[in-house]
Amino acid sequence: MVAVPPPEALVVFALVAAAVAAFVTEVVPADVTAISVVVALVVLEPWTGVDGGTALQGFASPATITILAMYVLSAGVQSTGAIRRLGTHIAAFTRGDATRLLGATVGITGPLAGFINNTPVVAMFIPMVTDLAEDARVSPSKLLIPLSYASMLGGTLTLVGTATNILASDIMDELIGETFSMFEFTPLGIITLVVGLVYLMTVGQRLLPERIKPTDLTAEFGLDGYLHRVYVQPQSPFVGLSVEEAMGDLDVDVDIIQILRGEETIIAPADRQIREQDVLTVRADADDLAAFVALGALRRLPSAAVTEAELDEPEGTGTLVGAVVPANSRLAGETLRETDLRQRYTDTVLAFRRGEELIHEGLADVVMREGDSLLLYTTIETVESLRESGDLIVTDVVDHRSAFDESLPPLFETRAPLAVGIVAAVVGCAALDLLPIAVAALGGVVAMVVTGVLGTDEAYAAVNWQVVFLLAGVIPLGLAIQSSGGAAYLGELVVVAAAVLPALAVLALFYLLTGMLANVVTPVASVVLVLPVAISTAGLIGADPFAFALGVTFGAATAFTTPIGYQTNLMVYSAGGYRFTDYVRVGLPLQLLLAVVTPLGIDLIWGVT
């Protein structure tokens, strides 16, 4: 019979429950919740045992410093065009072959994510994969979840593969005085990556739906019936007015996105004068179109169907662009009316896609969310500016001058070899124990800036500060679970519940628990909450704490069953047109498969007892 937990543990458990509820409901941002935890731990010090100095240890943690530095190193490699160059070679190898495309996508993303933060990797691969899917006439829905999952599995190859690996190593050092070396769990990482990739190439492909059919972008965003052309008659009151002036006082939801004037095509024509005999390409529903035609004395051209082919101008003046609102975008929480998208990029938003939902009306007042997809009509010259801004991740560009066919400068005329060399040096120093990983990574940041690969402003901008504060905030919570006796109490509960189970089965339960928790409260939080309990339980049942720490670390990398569990899942959510249940359908079998493979691998390589 297990005794009642001590009062200190009850207070910490209540704090954990409140933090988990806040993480799940997102009543405030996750980083704000984490910092609130730091404050609460100190206020409740008589019960938590966490004083001011201990509460702030997360900010000085090697895990926090290393993750901060890895964001900068990843941005340095990305800025040199190294990943885009890789995409060009992939395109040359896979063009037109669906199976080779899938194999190349997961086979390259996985190993690459072991050394470069997987978020920028996935951000760069989304447009490449969607373009190649179009060439191969394959639904991008068949490729984008595998892209995200492969990057997550690749993160288990090295210590620097994910933030959770480094955090787990740091917590383990605090609890049992052991850490993971750079390639400590690479053999197990290879096993899980191979098993995962085989699953994605076979069973996973059968389970994935074709949410987006391989058609043009106007069809993907359901714009049939929303794009029209109208003729400006001589008696129209719009003649002689600019587009902005003509539309200023009209109470209709209509956008003029293009003016056809003889052989000339005018894109983003807000300040251009409307002339008689112009043909206007407009976005509107049937009712608003009828009102617009009547008010402007226009004539509708019902036979002029507007599709991707009509909007993709041969001379390259205008193009359709698909884009996703990324995590931490300044656009999230804003409406189009409140932003300066049109002024900055001379574009028009034609539609939104939120998962499977398509939005065509009232676009100016739609509050944008992370993961939303937008269909834009803009000039080809502004696409690169859109890419560089970070406001949106460009996923599709209707431009026959494909990025894969563009001429790239010779490799050694770029800084790509230098950037890759710096990352390799950081990994090598940590692997050979020449420097602690945090110090080596900071040295790499200095090298990136001193050699001109990145400017200081670019280095600061590359850091995901929300993740940094989240890490710093939740680290002391794990210490409180341990110091309050909470970890020991939960361990005793597991021992009683698993009295008839072997240590290997208990390890598998912890693996599953961590993975399922990671799907809801992020992998970082799941490691902080579960790792102290797992290590305590290992000691109570006579198992190896190191093996249980490995199980929790790998379990945190399996947030496969929700789009919110990991940010790369959210990045591909709208781009693939997925439903929430698609992640359960494809991710849950993989999570259960790895719950068998990973504990067996740990037992085979290191032993559990």
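Modeller: A residue counts as buried when its relative accessible area is under 20%, and as exposed when that area is over 50%. The model here is predicted.

Colleague: Is Phe-510 buried or exposed?

Modeller: Phe-510 has a relative accessibility of 4%, so it counts as buried.

Colleague: How many aromatic pairs are found in the whole structure?

Modeller: The search gives 11 aromatic pairs. In general, a pair of aromatic rings is described by the distance of the centres and the angle of the planes. For Phe-510 and Phe-548, the centres are 5.9 Å apart and the planes stand at 65°, so this pair is edge-to-face. Phe-510 belongs to helix α25 (residues 503–541) and Phe-548 to helix α26 (residues 545–555); the pair links distant parts of the chain, 38 residues apart. Phe-548 also counts as buried, because its relative accessibility is 1%.

Colleague: How far apart are the ring centres of Tyr-578 and Tyr-583?

Modeller: The centres of Tyr-578 and Tyr-583 are 5.8 Å apart and the planes are at 70°, so the pair is edge-to-face. Both Tyr-578 and Tyr-583 are buried.

Colleague: Which residues form an aromatic cluster?

Modeller: One aromatic cluster is formed by Phe-180, Phe-185, Phe-546, Phe-554 and Trp-606. A ring can also sit under a charge: Arg-353 lies over the face of Phe-221, 4.5 Å from the ring centre.

Colleague: How many salt bridges are found in the whole structure?

Modeller: The search finds 8 salt bridges. The number to read for each is the distance between the closest N and O atoms. In the bridge between Asp-365 and Arg-337 the closest N and O atoms are 2.9 Å apart. This pair links distant parts of the chain, with Asp-365 in the loop between β8 (357–359) and β9 (373–378) and Arg-337 in the loop between β6 (319–324) and α18 (341–345), 28 residues apart. Asp-365 is partly exposed at 48% relative accessibility, while Arg-337 is exposed at 57%.

Colleague: Which side chain does Arg-354 meet in a salt bridge?

Modeller: Arg-354 meets Asp-372, at 2.6 Å from N to O. Arg-354 is in strand β7 (residues 348–354) and Asp-372 in the loop between β8 and β9, so the bridge ties together parts that are 18 residues apart in sequence. Arg-354 counts as buried at 17%, and Asp-372 is buried at 2%. Another salt bridge joins Glu-264 and Arg-272, with 3.5 Å between the closest N and O atoms. Glu-264 is partly exposed at 37%, and Arg-272 is partly exposed at 32%.

Colleague: Which residues are linked in a network of salt bridges?

Modeller: Asp-253, Asp-255 and Arg-283 are linked in such a network.

Colleague: Which residues form a nonpolar patch on the surface?

Modeller: Leu-56, Phe-59, Tyr-460, Trp-465 and Phe-469 form that patch, with about 520 Å² of accessible area together. Phe-469 is in helix α23 (residues 465–483). Its relative accessibility is 34%, so Phe-469 counts as partly exposed.

Colleague: Where is Thr-218 found?

Modeller: Thr-218 is in helix α14 (residues 217–220). Thr-218 is buried, with 5% relative accessible area. Leaving aside neighbours within four places in sequence, its contacts include Leu-223, Thr-307, Glu-308 and Leu-320.

Colleague: Which residues does Ser-148 touch, not counting those up to four places away in sequence?

Modeller: Ser-148 touches Thr-568, Asn-569 and Val-572. Ser-148 is in helix α10 (residues 144–154) and is buried, with a relative accessible area of 0%.

Definitions and conventions:
Residues are numbered from 1 along each chain as its sequence is written. This is a predicted model: local features need pLDDT of at least 70, side-chain atom pairs count only at pLDDT 80 or more; totals for chains, interfaces and linings use all residues. Side-chain values use heavy atoms; hydrogens and water are left out. Helices (H or I, at least four residues) and strands (E, at least two) are DSSP runs, numbered from the N terminus. Buried means under 20% relative accessible area, exposed over 50%, partly exposed in between (1.4 Å probe, protein chains only). Contact means heavy atoms within 4.5 Å. Rings of Phe, Tyr and Trp (its six-membered ring) pair if their centres lie within 6.5 Å; planes under 30 degrees apart count as stacked, over 60 as edge-to-face and the rest as tilted. A charge sits over a ring if NZ of Lys or CZ of Arg is within 6 Å of the ring centre and within 35 degrees of the ring normal. Patches are made of residues with over 30% relative accessible area and no salt bridge: like charges are joined within 9 Å, nonpolar side chains (Val, Leu, Ile, Met, Phe, Trp, Tyr) within 5 Å. Accessible areas come from the Shrake-Rupley method with a 1.4 Å probe; for residues, only the protein chains shown count as cover. A salt bridge is a side-chain nitrogen of Lys or Arg within 4 Å of a carboxyl oxygen of Asp or Glu.
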